[in-house]
Amino acid sequence: MEKLYNFINGKFVAPNSNQYLEIFEPATGQTYAQVADSNSADIENAYESAQNAFGNWSSLSVKERADYLNKIAEGLESRLDEFAEYESRDTGKPISLAKSVDIPRAVSNFRFFADYGQEFNFESELNNDQSHNKIIRSALGVIGCISPWNLPLYLFSWKIAPALIAGNTVVAKPSEITPFTAFKLGEICQDAGLPPGVLNIIHGQGSIAGDALVNHSKIKAISFTGGTTTGKLIAKKTASSFKKLSLEMGGKNPSIIFSDCDFDKMMKTVVRSSFSNQGQICLCSSRILVEESIYEKFKTNFIQRVSDLRMGDPSEIETQFGALSSKGHFDNVIDYIEIAKQEGGKILVGGNAKKLNGRCGNGWFIEPTIIEGLNNSCRTNQEEIFGPLVTLQSFKSEKDAIQLANETEYGLSATIWTEDNEKANRVSALIDAGVIWVNCWLVRDLRTPFGGMKQSGLGWEGGDEALRFFTEPKNICTLA
Ligand code: NAD
């Protein structure tokens with residue numbers, strides 16, 4: 001069985017413990033590889049390699065660093081189909097999604113920051129009658145990047161690319177549940193001639209390898225994407241060291257549908273925003289709020305469209321809906337369906353695990369599920385489920401919709417559907433969420449700030465925000 005090693009100082013190396021974790025294919029429930037179960041000794045080796053590489057890497061020009069990032073993007077692009085197959089096998093997501101979203105976006109992350117880094121003001125001036133101020137933004141040093149399982153390479157590269165272009169070196173830990181494409185990224189870095197130690201990839205459990213990374217006294221910053229509970233733990237553990245933190249966490253995103261929306265366009269997108277990647281995108285809509293006058297029409301159409309989604313083997317190109325990414329998560333979602341029923345929820349569609357024929361007979365599939373009849377304060381509507389389960393609620397007025405949307409501890413994203421621009425502006429201004437899509441979903445300009453409010457995030461990613469996070473300003477003041 002293939003063993004996934006750590007990537008330290010430009011080489012693939014076995015973990016210090018010589019222990020490995022099983023890697024499963026969610027579509028079959030079978031193990032197909034083993035991944036390094038690393039500990040603090042591996043993190044230490046990776047740190048030293050990153051620290052040794054820092055001097056040379058940070059003194060390259062931005063253009064020279066951009067050339068390396070572009071080579072990584074090219075290498076990845078030339079192996080796009082192969083990487084999409086790895087991602088689909090590792091996560092259970094449809095191959096069409098991995099091919100059209102995950103891997104292309106990972107390519108774009110490297111290419112975007114290669115370009116954007118060259119436009120960013122690493123040096124600027126502010127002068128007045130008394131003083132000249134030169135402001136320099138310098139790399140921090142060695143950065144720790146920690147990413148989740150739902151969009152493995154997409155989110156891994158979203159952190160690594162800006163950290164590297166800003167002149168930092170990196171120790172990165174992908175999720176132990178879906179480590180395959182991060183493992184293969186090591187090969188791409190070797191082929192791109194990335195200097196050894198600039199990017200080190202350490203695999204293993206969050207509570208061991210992740211914890212060692214977070215607690216490392218010389219790592220300057222942690223860029224984390226994952227659950228809010230883990231984010232809180234990281235914030236606690238780093239509080240006394242004042243380590244710089246960027247935490248991108250969970251969501252409970254509302255989709256607010258007004259009666260004056262473009263119904264067909266809305267319906268097509270809301271099916272996608274609810275069930276893409278089996279609802280396992282932090283930006284998926286999980287609470288669908290519909291204006292009372294179109295609630296029944298919405299419900300009938302939505303049930304029909306969702307019932308038509310083609311669930312199947314994720315490796316088949318026509319599959320639209322795949323497996324959940326781990327057995328633990330599968331069990332979790334099944335538990336939430338039971339909770340929803342106990343809370344008085346009525347299942348309109350789905351609500352069951354699904355047994356497929358053939359090679360996917362033991363896979364972790366759950367039907368796309370729509371539930372109505374729950375109030376906003378119940379657990380189903382308050383806790384992040386992060387799976388193929390959405391609830392429907394109706395609202396009477398704009399004010400009601402805003403109140404329902406904001407009545408949660410999360411504030412990651414929201415979608416608003418209306419043809420009335422003034423209404424869209426009014427409602428957008430009052431919704432507590434870091435990303436608001438009006439009449440669209442998941443459209444991203446990588447220059448824009450990305451992050452969450454309330455329990456969904458601390459710090460921002462994307463464009464200038466990412467480059468500010470991965471640098472530290474210094475003001476050099478002289479008399480005018
Ligand atoms: P998780 O918090 O369990 O794990 C995320 C990463 O953190 C993994 O690499 C894990 O190994 C590591 N980790 C776990 N415990 C750790 C610890 N004690 N110290 C250091 N590292 C530790 O999250 P997950 O289940 O992998 O991902 C799902 C969550 O991620 C959902 O809540 C989802 O909303 C969130 N998410 C957020 C965004 C966003 O941009 N806001 C994007 C994707 C996913």
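Analyst: A polar contact is a pair of N or O atoms within 3.5 Å; within protein, one must be able to donate a hydrogen and the other to accept it, and residues adjacent in sequence count only if both atoms are side-chain atoms. Here a polar side-chain atom of Glu176 lies 2.6 Å from an oxygen atom of the ligand, while for Glu384 the corresponding distance to a ligand oxygen atom is 2.5 Å, and for Lys173 2.9 Å. This is a predicted model, in which local features need pLDDT of at least 70 and side-chain atom pairs count only at pLDDT 80 or more, whereas totals for chains, interfaces and linings use all residues. Residues are numbered from 1 along each chain as its sequence is written, and side-chain values use heavy atoms, with hydrogens and water left out.

User: Which residues come nearest to the ligand?

Analyst: A residue is near a molecule if one of its heavy atoms lies within 4 Å of it. Of the 28 residues around the ligand, Ser147, Glu176, Thr230, Met249 and Glu384 come nearest.

User: Which helix gives the largest share of the shell?

Analyst: Helices are DSSP runs (H or I, at least four residues), numbered from the N terminus. The largest share, four residues, comes from α7.

Terms used. Helix = DSSP H or I, 4+ residues; strand = E, 2+ residues; numbered from the N terminus.
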